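Hi there,

Here is the structure I promised to pass on. Have a look at it first, and then read on for my notes.

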Amino acid sequence: MEGYESLAALALDLRWSWNHATDQVWRQLDPVLWDLTHNAWAVLQTVSRDKLRRISAEPAFRKQVSDLARDRREAAQAPAWFQQAHPRSALSCVAYFSMEFMLSEALPIYAGGLGNVAGDQLKAASDLGVPVIGVGLLYSQGYFRQVIDKDGAQEALFPYNDPGQLPIAPLRQPNGEWLRLEIALPGYSVWLRAWQVQVGRVKLYLLDSNDAANYPAHRGITNELYGGGPELRLKQELLLGIGGWRLLRALGVQPQVCHLNEGHAAFAVLERARSFMEEASQPFEVALAATRAGNLFTTHTAVAAGFDRFSPVLIEQYLGAYAQDKLGIPLRDLLALGRANPNDPSEPFNMAYLAMRGSAAVNGVSRLHGKVSRQLFEPLFARWPQDDVPVGSVTNGVHMPTWDSAAADDLWTQHCGKDRWLGTAESLERDIRRASDASLWQLRNAARAALIEYARDRLSKQLAASGASPEAADAVKHLFDPHALTLGFARRFATYKRPNLLLHDRARLLRLLSDPQRPVQLIIAGKAHPADQDGQALIQEWIRFIRQAMVRPHVIFLSDYDMLLTEHLVQGVDVWINTPRRPWEACGTSGMKVLVNGGLNLSELDGWWAEAYTPEVGWAVGDGREHGDDPAWDAAEAEALYGLLEREVIPEFYTRDSAEIPAAWVARVRESMAQLTPRFSTNRTVREYVEQHYLPAAAAYEQRAANRGALGRKIVDWQHKVDRHWEALRFTAFRVNTEAGRHLFEIGILLNDLEPDEVRVELYADGLDGNAGARQEMKWARALPGAARGGLYHTTAAATRPAGDYTVRVTPERAGVAVPLECARILWQR
């Protein structure tokens, strides 16, 4: 059929999920199915051929499709930010591995925050022209779908994801054969099918095990995201890491940078090294030293229990032969990569430890999370101060074009231009401030009304499906007031997120909500993992509260919290509430999504809000410190939350000027939009990854990999030399003189067989008032008399602190080597 190929290319490009130029095309073909699914490929696969021929025969439709196809080609070919900012960059490919990707409700292979981050970063990479390829798994059931039964209990459903209805395509070889990979597992191999997802300029490759050639149990490996026990999780992570890297090699793709989005994908570290072993004829140790320079590990975990751990028996069962036959190392050496204590045979294998030991850089996902992660990884760096544990941070952002409403998009376009998220976004803060009070308030009123209409309809259907009477289902179509202050609270229900903090004093909450002069309404949504009984109990507690006659008009719970529901919520709520127990929220991106739409945040000082909050952009709960799971502190924070709502939030919303505009509220909205939207967008996040990590990692990898890993071999030899001679390092006389307000420090060091340029000598003092430790390099002054290799080192420091606060430390040093990440030796004077 003429024009079908152009339609298919548009439908299979998920760029339509954030660039809504093609929406009208799919709405013309099947408006009902489009509104239900927002799945262009499903619409195209479902529409009758006769209707498609009839509509395609219309000149206006043909021109519309032709123009869209041309725009798509031009957008893909035009130089973007990356090409303009780094025209001579050697970076040609970043492989981005993640267990889940949230790209569209049409592709339900995500559970929550991790997938949100991965999907939004792929979209931003497309916008900015960054050469990224995503690698993940295709789940035939994905994450569970939620139903609330008559008793208010969560039920988990697992509908089948029909690949023919998903916006994906089989990945085929030049001869047309479906690209399949064989991965050896005990007993039976598993065959993996490869799929391609087009995300604008970026490709995402997915693997699934539902191949007819597979042993029946293996066909179900990729059934469910985060389902099953440890053995199934290990098999999924083997397929992701080892299978994912082999897929890239089968395609002839040679990434310089491998970005591990959480430790799930850490087996890619091993397979990348194995591949280099084959190419360069080097042993595993050298191959790892060469390839880790191009590996970046992003950790999202805020508690040690969140790391994936596997028993040594499972690792031996599934990776023993791989270690021996493919990597050429004994099992104990492989296990050591995932242990804090390599000599403890009972210690489980930690995927985050493997990721760290296989990477040249590690980052958390907010400033606070970087600090928390340094605590979590401290066991790997014995005797190093916590501040020196090598974990930095790149704060997450969200892809604003995905989460803004059509009206918000229009407002931002009017003041900042249509291409505002395709560059550096430097002028956005200034430009959006030009929006008038009237236009901002009009935006908020329309958004709130649209959310209320959507919530009424969704809740009515939800109640009818759960067995409610037709009268009850119809009655909710009149719930809520489109002019009333609307609060949103939606997230995964887990105890550390404290979703029931608002229920601490139910009578006070009800008074707050039901004030006839200043009414407040609350929309709640969220899932608890099917195995999390405590989280499910929290949902049931809310449902029982909501079903009380006095509460029902003021609070609703919308089931099956997914990407589509999230879009409606973040576009319409006035205030987004978040109450995690600090510091367990690594970042939290849900509150970022309201920024572009003029919503405000009232949140615990945790994750991103700990660095975003200032009084003029929202409200904060907490004192910026950690209190554990102390019930008394939970009670105090609940009181503070009620107090903020009663004394500040609600009065500010309802205090109107002569034009019936809440001027102070709108001023806060303007500041939140202007200050925070550009700062917490994936536009900023991805540019940071490029300039702080991808570009340096690509250059370092190219250097280490050149000449069959010659530099990698030299680094391994240097590491062995340091290990052999480190214990023989000795300090000699330490002298301090104080004059003219400065301390002069001198110390002698016997270097044994190490060269002076192979160590770094520093003066060190513990930090004060929570600040990082003070350190400065001590310089070589002269050789020590009578010592074969030894020197006198000196430096000065201001005498504002007692000389006794200082000590001396020696660490290894070599240009281009990350210390202590790659060599964690350290020697202290005392």
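Below are my notes on the cores, the aromatic rings and the charged pairs. Please keep in mind that this is a predicted model.

Let me start with the nonpolar cores. The largest one has 145 residues, and the members that touch the most others are W26, F97, V130, F267, F377 and Y694. Helix 28 (residues 682-725) gives the largest share of this core, with 9 residues. There is also a second, separate core of 98 residues, with A425, F557, A620 and I661 among its members. As background, nonpolar side chains tend to be buried together in soluble globular proteins.

Beyond its neighbours within four places in sequence, F267 is in contact with L234, E237, L238, G241, I242, L319, F349, M351 and L354.

Now the rings. The count comes to 28 aromatic pairs. In one of them, Y96 and F101 have ring centres 6.2 Å apart and planes at 55 degrees, so this pair is tilted. Y96 and F101 are both buried. Elsewhere, ring pairs join W441, W619, F653, Y654 and W665 into a cluster. Two rings also have a charge over the face: K593 sits over W403, 4.3 Å from the ring centre, and R801 sits over Y806, at 5.9 Å.

On to the charged pairs, where the count is 60 salt bridges. Three of them may be handy to look at:

- D50 and R53 pair with their closest N and O atoms 3.5 Å apart. They are 3 residues apart in helix 5 (residues 49-56), so about one helical turn separates them. D50 counts as exposed because its relative accessibility is 55%, while R53, at 48%, counts as partly exposed.
- R809 and D388 come to 2.7 Å between the closest N and O atoms. R809 is in strand 27 (residues 806-812) and D388 is in the loop between helix 16 (367-376) and strand 14 (392-393), so this bridge links distant parts of the chain, 421 residues apart. Both R809 and D388 are buried.
- R789 and E755 also meet in a salt bridge, at 2.7 Å from N to O. R789 is partly exposed at 32% relative accessibility, and E755 is partly exposed at 28%.

Finally, R809 and D388 belong to a network of salt bridges that also takes in R760, E762, R775, E777, K779 and E813.

How values were computed: Residues numbered from 1 in each chain as written. Predicted model: local features only at pLDDT ≥ 70, side-chain atom pairs only at ≥ 80, totals over all residues. Heavy atoms only, no water. Core = buried A, V, L, I, M, F, W, Y, C linked by side-chain atoms within 4.5 Å. Buried < 20%, exposed > 50% of the residue type's maximum accessible area, 1.4 Å probe, protein only. Helix = DSSP H or I, 4+ residues; strand = E, 2+ residues; numbered from the N terminus. Contact = heavy atoms within 4.5 Å. Phe/Tyr/Trp six-rings, centres within 6.5 Å; stacked < 30°, edge-to-face > 60°. Lys NZ or Arg CZ within 6 Å of the ring centre and 35° of its normal. Salt bridge = Lys/Arg side-chain N within 4 Å of Asp/Glu carboxyl O.
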